[in-house]
Amino acid sequence: MRVRLTLAFAVASALLLTGGGVYIFIEVRDGLDASLDSSLRSRAAEYSRLARTPGIGPLRRAFAVEGEPAQLLDADGKVLAASPPGSGKPLVAGKALRQALTGEVRLEHREAARLIGRPAAPGRAIVVSASMVQREKALESLGSVLLIGGPLILLLSSSAGYLVASGALRPVERMRRRAAEISAATSDARLPLPRTRDEIWRLGKTLNAMLVRLEAAAEHEREFLATASHELRTPLAILKVEVDLALEDAPLDSDVRPALDSISEEIDRLARLAEDLLVIARGEAGSLPLNPQPVDLQRLAQRVVDRFALVKDAVVRTNVPSGLLVQGDELRLEQALGNMIDNALRHGAAPVTLTAVRDGAQLAIHVADHGRGFGSETLPDLFERTGGGRAGGFGLGLPIVAAIARAHHGTAAAANTPQGADVWITLPV
C-alpha cells in the first residue's frame, strides 16, 4: 500500500510538474517576445517620427549611434539610411516591403533575429531588427532548469510521500504484528491503538471490541467443554463398572458377551475422549494442572518407545542424548510424546524416529516419519481442535500435544519434509 500510494503521488506530482513547467516556459517565452516586440515598436516609432522631419540628417544621426540593425527603405527596396549594423542588403523585400509601406509587419529570421517594419514617410518604410540570441539563451537556461529541477523535485516529493504513507500506515503494521501473535491461548489479546483518533484508531477500537466478544465466546466454550467432560466422567465410570460386572456374571459361551466387550471398549473410548477434551479446555484456558519436576528426557523417550513396541509391536528409533533435563510434568510429557508417535504410526510409514536437539535454552523434540506428509489444507490448522489429522476427522491427538506444550511454556509445530512429516514440540531446558 505504501508503494501504491507513493506511485499515485509520484504520477500526480509528475503531471503537475509537467503542466507547471510547460506553463512557466510558455509564459516566459511570451513575456520575452512581448518585451522584444515592445522595444522594436518603440524604436520604429521614434525613427518614423524622425523620418518625417525635413531632410534625412536627423535620422542618419540617430542611426549612427544605433547598436542594432535599422534601415530606411524606399518603395524599390533601396537603402536610404542605415545604422552601422544594418548597412548592406535591405532587411526586407518583396511582399514584406510592400506591407511595411502601408502598415506594420513583423518577421522572424531563423529564430536569430526579429524585425518590425512600418511606414515612415510616403513611399518609405522604417525597418528595425533585434537579435534573439539572448532570448534563446534565456529559454535554454530555463528549459535546463526545468528538466533538471523537475525530476529532482519529483524524487524529493515522492520520497516525502513515501515517508508520509509509511508514517500513516505504521500503526496498521503494529496492529498486524500484534494480530499475528494472538492465538487461542493469548490472554487479554488487544491490538495497539494509535494516539490520533482517526480512521485507523476507530478500526482498532472496533477490532478490539470484536476480540473481546471472541474471547468471551471462547471462554464460554472452554467452560462448556470442561464442564461437559467432567460431568461425563462419572456416568461413564458407573457404566464401566456395571458392564464389567455383567461380563463377570455372563457365561463364557453367552451370546451377549461380545456385545458387552464392545460396549466396554466404547466406554473406554468415550472416557479417553472426555479426558482429552478436558485437557484441551484446560490447556487453552491456561489452567492445565501440572506436577513440575526434573525429567530425564532420554529415559522418558525410551519408556514411551518401549510401550509402543509392547502394545503395537511398532519399531520406533530414538536419538536422544543423555543428560537432557526439562522441568515439567512427566505424565503429561509422556502423553504428548505418545500422541506424536501414535500420529506418525497411524498416518505415516516406517521408519519413525524420535530425536531431541538442544539449542541454547530451548529443547526441540521431533517425531519424524516417512509417510505422505500433511495436506496443504490441514497443515495450518493441525493443532486446532476443530481441525483433523492427516486422514481428516475429529482428531484430538495433536491439539493435546499443543495444549501440553503451551502449559510447559513451549510451542508445537509441524512441517513436511522430503521424507515425510515432522512434528515437534519446543520446551525450555
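Is Y47 buried or exposed? Y47 is buried, because its relative accessible area is 7%, and buried means under 20% relative accessible area, exposed over 50% and partly exposed in between, with a 1.4 Å probe and protein chains only. The structure is a predicted model, in which local features need pLDDT of at least 70 and side-chain atom pairs count only at pLDDT 80 or more, while totals for chains, interfaces and linings use all residues. Residues are numbered from 1 along each chain as its sequence is written, and side-chain values use heavy atoms, with hydrogens and water left out.

Y47 has an aromatic partner, F63. Rings of Phe, Tyr and Trp (its six-membered ring) pair if their centres lie within 6.5 Å; planes under 30 degrees apart count as stacked, over 60 as edge-to-face and the rest as tilted. The count by this rule is 1 aromatic pair. The ring centres of Y47 and F63 are 4.9 Å apart and the planes stand at 75°, so the pair is edge-to-face. It links distant parts of the chain, with Y47 in helix α1 (residues 2-51) and F63 in helix α2 (residues 57-64), 16 residues apart. Helices (H or I, at least four residues) and strands (E, at least two) are DSSP runs, numbered from the N terminus. F63 is also buried, with a relative accessible area of 1%.

Helix α1 also holds S48, which is buried at 1% relative accessibility. Leaving aside residues up to four places away in sequence, S48 touches R118, P119, A120 and I126, where contact means heavy atoms within 4.5 Å.

Next come the nonpolar cores. Such a core is a set of buried Ala, Val, Leu, Ile, Met, Phe, Trp, Tyr and Cys residues joined through side-chain atoms within 4.5 Å. The largest one has 41 residues, and L297 and I341 have the most contacts inside it. Among the elements that give two or more residues to this core are α6 (257-285), α7 (297-311), α8 (330-347) and β9 (352-359). Apart from this core lies another, of 18 residues, including L40, L50, A120 and A130.

Helix α8 can be looked at on its own. Of its 18 residues, 13 are buried, so α8 is largely enclosed by the rest of the structure. The end C-alpha atoms of α8 are 26 Å apart, which agrees with the 26 Å that its 18 residues should span at 1.5 Å a residue; the expected span is 1.5 Å times one less than the number of residues.
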